[in-house]
Amino acid sequence: MSIWWSLHLRREAASVPFARRLLLGAMETAGVDPDISYDLSVALSEACANAVEHGGDAVSGSASAAYRVTAYLDGEKCRIEVADSGPGFPVRRSRPAAVSAWGGALPEHGRGLGLIEQLADHVHFRNRPGRGGAVISFDKILKWREDALLKVS
């Protein structure tokens, strides 16, 4: 069995804990191991905070005043994507500098990207083609509680 949900959220600080609690509730109900749920919820919080802070101007009613969160629980994996309408990541040949520098001292901004990379199994940072904006997608192999509703057999 698989489930997915998608949210269109305002770029406001209050949207970050809302998205996190929704993910935690869905995972708890499905029966995902609490440690895996926690890791994914922290990674989601960092990605949402990044969209809120850097996702574009907050002109009321404009597309950049919002961002999108999509989560898929499919079989043994959870994939989460956070997309905004901001300027996107700087064009580079590799990952964003903050992520590449995870082993060393990080600047004030960018630590969240490194944290996402440490908490998830696979992370992809890209810019949205055409419309602009950044997309952070990450996934993690799920572990299930014994009493899980959606446990893969």
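A: Start with Asp139, which counts as buried at 5% relative accessibility. Bear in mind that this is a predicted model.

Q: Which side chain does Asp139 meet in a salt bridge?
A: That of Arg79, with N to O at 2.9 Å. Asp139 lies in strand β5 and Arg79 in strand β3 (residues 77-83), so the pair ties together parts that are 60 residues apart in sequence.

Q: Is Arg79 buried, partly exposed or exposed?
A: Partly exposed, at 32% relative accessibility.

Q: What about Lys140, what does its side chain meet?
A: Lys140 forms a salt bridge with Asp39, at 3.7 Å from N to O. This pair links distant parts of the chain, with Lys140 in strand β5 (residues 134-141) and Asp39 in helix α2 (residues 34-54), 101 residues apart.

Q: Where does Lys140 sit, buried or exposed?
A: Lys140 is buried: its relative accessibility is 9%, and the cut-off for buried is under 20%.

Q: How many salt bridges are there?
A: The count comes to six. Among them is the one between Arg145 and Asp147, whose closest N and O atoms are 2.9 Å apart.

Q: How accessible are Arg145 and Asp147?
A: Arg145 is partly exposed at 26% relative accessibility. Asp147 is exposed at 55%.

Q: Which residues are linked in a network of salt bridges?
A: Arg68, Glu81 and Arg126.

Q: Switching to cysteines. How many disulfides turn up?
A: Zero, in a search of the whole structure.

Q: And Cys48 and Cys78, buried or exposed?
A: Cys48 is buried, with a relative accessible area of 0%. Cys78 is also buried, at 0% relative accessibility.

Q: Back to helix α2. How does α1 cross α2?
A: The axes of α1 (residues 15-30) and α2 come within 9 Å and cross at roughly 155 degrees. Angles over 145 degrees count as roughly antiparallel, and α1 and α2 are therefore roughly antiparallel to each other. The crossing is right-handed.

Q: Which residues make that contact?
A: On the α1 side they are Ser15, Val16, Ala19, Arg20, Leu23, Leu24 and Met27. The α2 side includes Tyr38, Leu40, Val42, Leu44, Ala49 and Val52. Cys48 is one of the α2 contact residues too, and Cys48 is the buried cysteine mentioned above, at 0%.

Note on methods:
Residues numbered from 1 in each chain as written. Predicted model: local features only at pLDDT ≥ 70, side-chain atom pairs only at ≥ 80, totals over all residues. Heavy atoms only, no water. Salt bridge = Lys/Arg side-chain N within 4 Å of Asp/Glu carboxyl O. Helix = DSSP H or I, 4+ residues; strand = E, 2+ residues; numbered from the N terminus. Buried < 20%, exposed > 50% of the residue type's maximum accessible area, 1.4 Å probe, protein only. Disulfide = S-S within 2.5 Å. Axes fitted to C-alpha atoms, helices over the stretch in contact; angles between N-to-C directions. Parallel < 35°, antiparallel > 145°, perpendicular 65-115°, else oblique. Left-handed = near helix turned anticlockwise from the far one by under 90°. Contact = heavy atoms within 4.5 Å.
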